[in-house]
Amino acid sequence: MFLSGMSHWDMRKLRLMNERIYLRAPQPGDWKEWANLRRESRDFLAPWEPTWASDNLTKSSFRDKLRAYKLDWRSDVGYTFYAFSRNDNTMLGGITLGNIRRGAAYMGTIGYWMGEAHAGKGYMTEILSALIDYAFDDLGLHRLEAACLEHNGPSQTVLKKVGFQEEGRARGYLKINAMWQDHITFALLQNDPRLSRRGWINVPPVTQVKA
C-alpha cells in the first residue's frame with residue numbers, strides 16, 4: 001500500500017507498532033513532553049546534533065516544526081515520528097525518514113534521536129525496524145540511507161543490528177555540534193536481509209552441503 005499524499009490529519013491517526021514501542025506523527029499537545037525530554041537530554045544529544053537555536057525548545061518554534069512536518073508529509077519528501085512506550089505512553093525519542101526521492105531513486109534518509117533516560121535499552125532497534133517496514137512496505141521505497149559520526153559506536157551498532165550495511169566514509173558530511181564532521185555511511189535495500197517487526201526477513205535459506 002502506497003501512502004504518498006496522506007493528509008496531515010490522516011497521518012496523525014497512523015500508528016506504527018512494535019513489541020514495546022509505537023510511532024506516531026507529532027501533535028501540538030506533544031510540545032511540553034518533547035521540550036522537557038530534549039532539555040533533560042541536552043548534554044547527551046549535543047555531540048551528535050546540529051547546534052540548537054536559542055529558541056529551539058519554545059512553543060512557537062515547536063509550532064514551526066509541526067508546520068514543516070505537515071508540508072513534508074503532503075509533499076512526500078519526509079515523514080517524522082515520535083516514539084512512545086506502549087507500557088505507559090512515555091515519549092522516548094524521535095525518528096525521521098527524510099530527503100525522499102522517487103523517479104529513478106526511490107530512496108530516503110533516516111535520522112533519529114533518543115532521550116538520555118531511555119538510551120541503551122534496545123528501544124531504537126524496535127523504532128528502526130518499525131520505520132523500515134513502513135518505508136519499504138507502505139511507501140514503496142527501494143533504498144534507505146543513514147550516516148553516523150565516526151566515533152558514534154552505539155549508533156553504528158544499532159544500524160548494523162537491523163540490517164544496514166556500511167558503505168564508506170563521507171568527508172565533512174554534516175555540520176554537527178558547530179563543526180563539519182566526517183561520517184560513516186550506511187544503506188539498506190528493500191530486498192536485503194533485515195530485522196522486520198515480524199523478525200528477520202529476506203534471509204537466504206541455508207544450503208545443506210552433502211558429505
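In this predicted model, Ser-41 sits in the loop that links helix 2 (31–40) to helix 3 (42–45). Ser-41 has a relative accessible area of 2%, so it counts as buried, the cut-off being under 20%. Setting aside neighbours within four places in sequence, Ser-41 is in contact with Gly-115 and Glu-116.

Gly-172 makes a handy contrast. This glycine is part of strand 7, which covers residues 165–176. Once residues up to four places away in sequence are left out, Gly-172 touches Trp-180, Gln-181 and Asp-182. Phe-84 is another matter: 88 residues separate it from Gly-172 along the chain, and the C-alpha atoms of the two are 33 Å apart.

Next comes the inside of the protein. In soluble globular proteins, nonpolar side chains tend to be buried together. Here, the largest nonpolar core has 53 residues, and Leu-23, Phe-81 and Phe-164 are the ones that touch the most other members. Helix 5 (residues 123–138) supplies the largest share of this core, with ten residues. Taking Leu-23 as an example, and ignoring neighbours within four places in sequence, its contacts include Leu-14, Leu-16, Phe-81, Ile-95, Ile-127, Ala-130 and Leu-131. Arg-15, Tyr-82 and Ala-83 are also in contact with Leu-23.

Helix 5 deserves a look of its own. It is mostly covered, with 15 of its 16 residues buried. From the first C-alpha to the last, helix 5 reaches 22 Å, close to the 22 Å expected at 1.5 Å a residue. Just after the helix, Gly-140 takes a positive phi of about 70 degrees.

Finally, there is the open space. The largest pocket holds about 1400 Å³. It is lined by 49 residues, and those closest to its centre are Trp-48, Glu-49, Gly-111, Tyr-112 and Trp-113. Strand 5 (residues 107–114) gives the largest share of the lining, namely six residues. Sorted by class, the lining of this pocket is made up of 25 nonpolar, 17 polar and seven charged residues.

Conventions. Residues are numbered from 1 along each chain as its sequence is written. This is a predicted model: local features need pLDDT of at least 70, side-chain atom pairs count only at pLDDT 80 or more; totals for chains, interfaces and linings use all residues. Side-chain values use heavy atoms; hydrogens and water are left out. On a 1 Å grid over the protein atoms alone, a cavity is a set of points where a 1.4 Å probe fits but cannot get out, and a pocket is an open set with protein on both sides within 12 Å along at least five of seven lines; lining residues have an atom within 4 Å of a point. Grid points are joined across faces, edges and corners, and a volume is the space filled by probe spheres set on the points. Helices (H or I, at least four residues) and strands (E, at least two) are DSSP runs, numbered from the N terminus. Ala, Val, Leu, Ile, Met, Phe, Trp, Tyr, Cys and Pro count as nonpolar, Asp, Glu, Lys and Arg as charged, and the others, Gly among them, as polar. A nonpolar core is a set of buried Ala, Val, Leu, Ile, Met, Phe, Trp, Tyr and Cys residues joined through side-chain atoms within 4.5 Å. Buried means under 20% relative accessible area, exposed over 50%, partly exposed in between (1.4 Å probe, protein chains only). Contact means heavy atoms within 4.5 Å. The expected span of a helix is 1.5 Å times one less than its number of residues.
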